[in-house]
There are 2 protein chains.
Amino acid sequence: MSAFRITARAPGSAARLGELVTPHGTIRTPAFVTVATRGMVKSLGVDDLLSLGVEVLIGNTYHLALRPGAEAIGALGGLHGFTGWTGPWFTDSGGFQVFSLGAGKIHGVGKIAPIFPGDVPMKPTGTSLVALSEGGARFRSVVDGSRVFFSPEEVIRLQRLLGADVILPLDECTSPFHDRAYTRAAMERTHRWAERALAAFERTTGLGPNPGQALWGIVQGGAYEDLRRRSAKAIAGMGFPGFAIGGSLGRSKEDMLRVIEWTVDVLPDDRPRHLLGIGGVEDILEAVARGVDTFDCATPTRLARNGVLLTFAEEGFRIAIKNARFARDDCPVEEGCDCPTCARYPRAFLRHLSQAGELSYYRLATLHNVRFMVRLLERVRAAVVTGQDLSAVLPLHRL
Amino acid sequence: MSAFRITARAPGSAARLGELVTPHGTIRTPAFVTVATRGMVKSLGVDDLLSLGVEVLIGNTYHLALRPGAEAIGALGGLHGFTGWTGPWFTDSGGFQVFSLGAGKIHGVGKIAPIFPGDVPMKPTGTSLVALSEGGARFRSVVDGSRVFFSPEEVIRLQRLLGADVILPLDECTSPFHDRAYTRAAMERTHRWAERALAAFERTTGLGPNPGQALWGIVQGGAYEDLRRRSAKAIAGMGFPGFAIGGSLGRSKEDMLRVIEWTVDVLPDDRPRHLLGIGGVEDILEAVARGVDTFDCATPTRLARNGVLLTFAEEGFRIAIKNARFARDDCPVEEGCDCPTCARYPRAFLRHLSQAGELSYYRLATLHNVRFMVRLLERVRAAVVTGQDLSAVLPLHRL
């Protein structure tokens, strides 16, 4: 079973330093959980993750259950044995795919969308691949178009086989375009699903390769204060050992921060809090200051693949490596960065590999961005320990 | 300047063990030169190459001159400074592209093609992007369609800027479908180009980042014995410190081996011999036994990307990792292989990454195949030293 210890608290904010102990290692919090949707961080290997100081990965139950299948992974010792990453694993439940393949497609939005009263969804990006009922979520497989049904119980069974250290119950991540009535109904169903997940989790003790798994609860309620507080109270009341904050997170970063404040205010102080799907530099600092312990987000690795490299040395924390100004630049991506890419390659070479579409580019860029996130969280933890204001983490920038 | 020392000879064959000393390190021969067409082995980084025991890379003058340009690379210290691979580099001259983008496209063939008297080219794969004249080769750029002209002198200037340790003169790699008259005329032009390249190499002493470059000569003459012998004699007479055997290599592996025998018979014994573009397991053993010292070939890395993993443990030296029989296989690709991939990942995971099109797959597969080639050449060198028959290198197989 996971245990969470708070080892220091920042004066003047809700930030705290902690240790999340799992059957496969201890995670120093605040921590960024690196996304490995299909079992590995895209373009990297386990050797890379170890050299970068990565401590924990998050896989996706929906994608892994469709391919290669939870049974196949379970037969090889779960994610730890199958992928070779023997450190801590999280798995997301598929609840985000209820949104991203459902209302997200119809509404043409992400978890945060700038909407105003009377707005309607503007640019649908496709047909929903999801049908929801009290029983669960019926999906079209993105692999082969077949139908798959995810009930709260089935999602627990799948995650028992995958064997991650921290697992999550099936929930419904609502859209910023869902109205209050829909958001409330979805939240109440998510609460019923959470109860069913807990019961299934108890019933399946002993199933799968990892007897020490922990099931955390997910708080929903959109950007409505009373719903968020109700959801946090209901989920906390079920006795989960940790909590995740799910979307929708409203129409702006400010809305997101308010959602965090309302939620954290209700959750028990002694248990870990995860913010699902958020990983912007300022977002992490602001959320840590409000008491969030862990984060996951595909953006740092996706940006790398798209030519955007993260750096503390530039406004906006990024450079576009394809820019012509780097064509003969013999400097590393960021002076002072200790990542394997900055140790060895000039910007001009990364630009060339990127322009030429060379496979090596994706790894070298991803190595840098993943190490940037590790360094960012190292700075955050150091600031919490020393009682520094978190804004000191970013010397060039004002929060 | 490069130097070549023969340190041992096999009894009963022309195989020899050697050391090729370059300004950037010593290569133990027989050696496989790993292909890094655009400056890096596809999907890998320098850290990978070092951990695999790779000693030498070969880049391509045509591709690097088009993008990012030889001047840009020269300004960053040549390939050594630009790419971070500070060990020995070869560069090919663009002569193979004269074939692959020219007659190879029109004739629809590679360097070896099963043809018979009266055969005509059967399946053209496109329009030639090359026009040849006494002056040189006019290309259409594969990057942007612009026209570029490669004279023997320009190819030396470009390679001076790229700064590889072993460079090659512009030649014409003929097609197996070229008749004797054409092959002879092309060979004679290649000889005139070699003289011009040598003169240009002398004139450009001091240009570029690597004053210790060596220019090796290329032998042509197709699969015609008298032409091959004439070409070897003519090129050897020009005083090159090393030699490469160019295609066409005839209609079969047997033809290829005869071409090697005719050529090696004429070349001076004390200088290194490179076989361009050949890298099959048996081909390497047979060519080493006939006195070839170094090889390069894109096949091992291309096979990896296409799902074919090399192994000493199977007939044909390969497995197709996508095969359904590997879906729950928890063994490494090859028992006893010391590569980073076999150390950590089960076949089932590699199959999954490959099926899912995950970027990590390409690197993990390439790591294995490159290490296989390093291990193969280690076995070859050990067999030469101990006077073992080279067939003992492949315990499962008869040559």
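User: In chain B, how many bridges join strand E1 (residues 3-9) to E2(B)?

Analyst: Keep in mind that this is a predicted model. E1(B) and E2(B) run antiparallel, and in E2(B) the bridge partner of B:Arg5 is B:Glu19. The two strands make a hairpin with 6 residues between them, where B:Gly12 takes a positive phi near 85°. The number of bridges joining E1(B) to E2(B) is 6.

User: And which residue of E3(B) does B:Leu20 stand opposite?

Analyst: E2(B) also pairs with strand E3 (residues 25-29) of chain B, in the antiparallel sense over 5 bridges. Those two strands form a hairpin with 2 residues between them. Strand E2 of chain B is mostly covered, with 5 of its 7 residues buried. The residue of E3(B) opposite B:Leu20 is B:Ile27.

User: Over in chain A, which residue in the turn of the E1(A) and E2(A) hairpin has a positive phi?

Analyst: Here 6 bridges join E1(A) (residues 3-9) to E2(A), and the strands run antiparallel. A:Phe4 stands opposite A:Leu20 in E2(A). The hairpin has 6 residues between its strands, and the one in the turn with a positive phi of about 85° is A:Gly12.

User: Which are the edge strands of the open sheet of chain B?

Analyst: This sheet has 9 strands with parallel pairing, in the order E11-E10-E6-E5-E4-E15-E14-E13-E12. Inside that order, E5 (residues 57-60) and E6 (residues 89-92) of chain B are joined by 4 bridges, and B:Asn60 has B:Asp92 as its bridge partner in E6(B).

User: What relation do chain A and chain B have?

Analyst: A rotation of 180° with 0.0 Å of shift along its axis superposes chain A on chain B, at an RMSD of 0.0 Å. That is the relation of a two-fold axis. In chain A, the C-alpha nearest this axis belongs to A:Leu359, 3.9 Å from it. So the relation to write down is a two-fold axis.

User: How many residues of chain A are in contact with chain B?

Analyst: Helices H1, H3, H4, H12, H13 and H14 of chain A each supply at least two residues of the side that touches chain B. That side divides into 19 nonpolar, 8 polar and 9 charged residues. The copies meet through the same surface, because 100% of the interface residues of chain A are also interface residues in chain B. Chain B puts in 36 residues, and the number from chain A is 36.

User: Which element gives the largest share of the side of domain 1 of chain A that touches domain 2 of chain A?

Analyst: Chain A is divided into domain 1 (3-297) and domain 2 (305-393), and their contact takes 26 residues from domain 1 and 21 residues from domain 2. E2, E4, H1 and H10 of chain A each supply at least two residues of the domain 1 side. That side divides into 17 nonpolar, 5 polar and 4 charged residues. The largest share, 5 residues, comes from H10(A).

User: How many residues does the largest nonpolar core have?

Analyst: Among the residues with the most contacts inside this core are A:Val288, A:Leu350 and A:Val380. Leaving aside neighbours within four places in sequence, A:Val380 is in contact with residues including A:Pro30, A:Ile284 and A:Val288. The core also takes in B:Val288, B:Leu350 and B:Val380, and its residue count is 254.

Key: Residues numbered from 1 in each chain as written. Chains lettered and ligands numbered in written order. Predicted model: local features only at pLDDT ≥ 70, side-chain atom pairs only at ≥ 80, totals over all residues. Contact = placed C-beta atoms within 7 Å. Nonpolar A, V, L, I, M, F, W, Y, C, P; charged D, E, K, R; others polar. Least-squares fit on C-alpha atoms with pLDDT ≥ 70 in both. Domains from an automatic or database assignment. Core = buried A, V, L, I, M, F, W, Y, C linked by C-beta atoms within 7 Å. Buried ≥ 20, exposed ≤ 12 C-beta atoms within 10 Å, placed from the backbone. Pairing = 2+ DSSP bridges.
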